[in-house]
Amino acid sequence: ARTTVTVTGGGADNTTIHQNMSKIRVCVRFRPLNSTEKKQFDGKLCVKELDDESFLFNAEREENVAFCFDKVFYQNSKQHDVYEFLAKPMVHDVLDLMNSTIITYGQTGAGKTYTMEGPDISNCEESNKGLIPRVIEELFRSIECSNERNLYTIKLSMVEIYMEKIRDLFDITKDNIQIKESKMHGVFLSGVTEVSIMDKKQALSFLERGISNRTVGATQMNMSSSRSHCLYIFSVQKESRKDKRSKTGKLILVDLAGSEKVEKTGAEGKVFEEAKTINKSLSALGNVINALTTGKSNHIPYRDSKLTRVLQDSLGGFSHCALLCCCSASFINTSESLSTLRFGIRSKFIKMPVNVSQV
Ligand code: ADP
């Protein structure tokens, strides 16, 4: 029997990236089924692994869609694997003062925060630790090994974007941070709290504070923290031995608001406004990544949302960016997962539908 398989994505996409443009890696992570999902559809998965870069996605259970990305992390992937592939190279880039960004995208519950923070930012088993604690460890370990400890200053900020307003998570009295731009500093968050971090313990304790402020803020505003974008910003400053001038590189980790569609009929008032704002900023992000990867447009629409404007220097220019599309492997969520995967594919701007026999 032959079944239509639509192949989406493609490995040869790097050739489409303009030489001076950012290189954007688009990866996928499937989280394991939770206890509810295990009880439904006989605990079957909607994903069939082909290799490290491609899989069959059983979209409507008759039609398979084959997807191809830069890397796929399946249900049993380890935090360590994701870190080694996505984040570790960027830690070394930022120590070389290059801007880098890692973005997690997907519906609420798909594993974005688990990937970024782990089950608990500062208190969990070694194997469960998320990208952020691992990044911090590698930053300090590398600096210590380089014998240039005294030339580096590492600063940390944490903000969230909710309804197009930027809140400082280290100082909740600053609830409307403005974005400014200067020749010297590029695009920056004016007046945001930047704490100097000397070691891992100190960094984690600031992050704990930021995370708890995020939860408190969400309760006060009567929303879920999954409805805001959260940005963890590491600024690495290095003084030149020659002229004592400093240069800065930034590594920004972005845990996006849930990408799920909100039913127009069910959502009213604030919830609908929230959904529209999130949708708008996620589309703006997709458009910016698109414009960067194709190199077809001279105009990159950074100003279409606060999110893209804040990320301007980290997405464009000589910077590295990775987009991790987080999905559940359960049949319960196929339509949201499909929409997440399509966002990933659009970000690569490669689409080549062909008919092949069933794999
Ligand atoms: P999101 O941030 O996308 O809303 P979470 O990261 O909070 O989703 O994940 C939802 C739930 O699934 C959490 O209980 C989390 O611990 C669990 N989870 C997510 N990804 C994994 C994984 N790779 N391994 C084990 N548990 C996971």
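Helix H6, which spans residues 269–294, gives the most to the lining of the second largest pocket, with 10 residues, and I start there. A word on terms: helices (H or I, at least four residues) and strands (E, at least two) are DSSP runs numbered from the N terminus. What we have is a predicted model, in which local features need pLDDT of at least 70, side-chain atom pairs count only at pLDDT 80 or more, and totals for chains, interfaces and linings use all residues. Residues are numbered from 1 along each chain as its sequence is written, and side-chain values use heavy atoms, with hydrogens and water left out.

The second largest pocket has a volume of about 460 Å³. By a pocket I mean, on a 1 Å grid over the protein atoms alone, an open set of points with protein on both sides within 12 Å along at least five of seven lines, whereas a cavity is a set of points where a 1.4 Å probe fits but cannot get out; lining residues have an atom within 4 Å of a point. Grid points are joined across faces, edges and corners, and a volume is the space filled by probe spheres set on the points. Of the 23 residues lining this second pocket, Tyr105, Ser259, Lys261, Asn279 and Ser283 lie nearest its centre. The elements that give two or more residues to its lining are H6 and helix H9 (334–348). By class, the lining has 7 nonpolar, 9 polar and 7 charged residues, where Ala, Val, Leu, Ile, Met, Phe, Trp, Tyr, Cys and Pro count as nonpolar, Asp, Glu, Lys and Arg as charged, and the others, Gly among them, as polar.

Turning to the largest pocket, about 810 Å³ of space lies in it. It is lined by 29 residues, and the closest to its centre are Met184, His185, Phe188, Thr248 and Lys250. Two or more lining residues come from each of strand S8, strand S11 (186–190), strand S13 (229–239), strand S14 (246–255) and helix H8 (312–315).

How many cavities of 30 Å³ or more does the count give? The count comes to 2, and the largest cavity has a volume of about 70 Å³. Its lining includes Ile161, Tyr162, Met163 and Glu164, along with Arg227, Ser228 and His229. Strand S8 (152–162) and H6 each supply at least two residues of that lining, and the largest share, 4 residues, comes from H6. The lining of this cavity holds 4 nonpolar, 4 polar and 3 charged residues.

Now the ligand. The residues around it include Arg29, Arg31, Pro32, Gln107 and Thr108, as well as the run from Gly109 through Ala110, Gly111, Lys112 and Thr113 to Tyr114, where being near requires a heavy atom of the residue within 4 Å. A backbone N or O atom of Gly109 lies 2.6 Å from an oxygen atom of the ligand, and for Ala110 a backbone N or O atom lies 3.1 Å from a ligand oxygen atom. From Lys112, by contrast, a polar side-chain atom lies 2.8 Å from an oxygen atom of the ligand.

Finally, some backbone details. Most residues other than glycine have a negative phi. Asn147, although not a glycine, has a positive phi of about 60°, and its place is in the loop between helix H4 (131–146) and S8. Is Asn147 buried or exposed? Asn147 counts as exposed because its relative accessibility is 65%, the limits being under 20% for buried, over 50% for exposed and partly exposed in between, with a 1.4 Å probe and protein chains only. Glu164, in the loop between S8 and strand S9 (165–168), likewise has a positive phi, near 65°. At 26% relative accessibility, Glu164 counts as partly exposed, and Glu164 is also one of the residues lining the largest cavity.

Conventions: A polar contact is a pair of N or O atoms within 3.5 Å; within protein, one must be able to donate a hydrogen and the other to accept it, and residues adjacent in sequence count only if both atoms are side-chain atoms.
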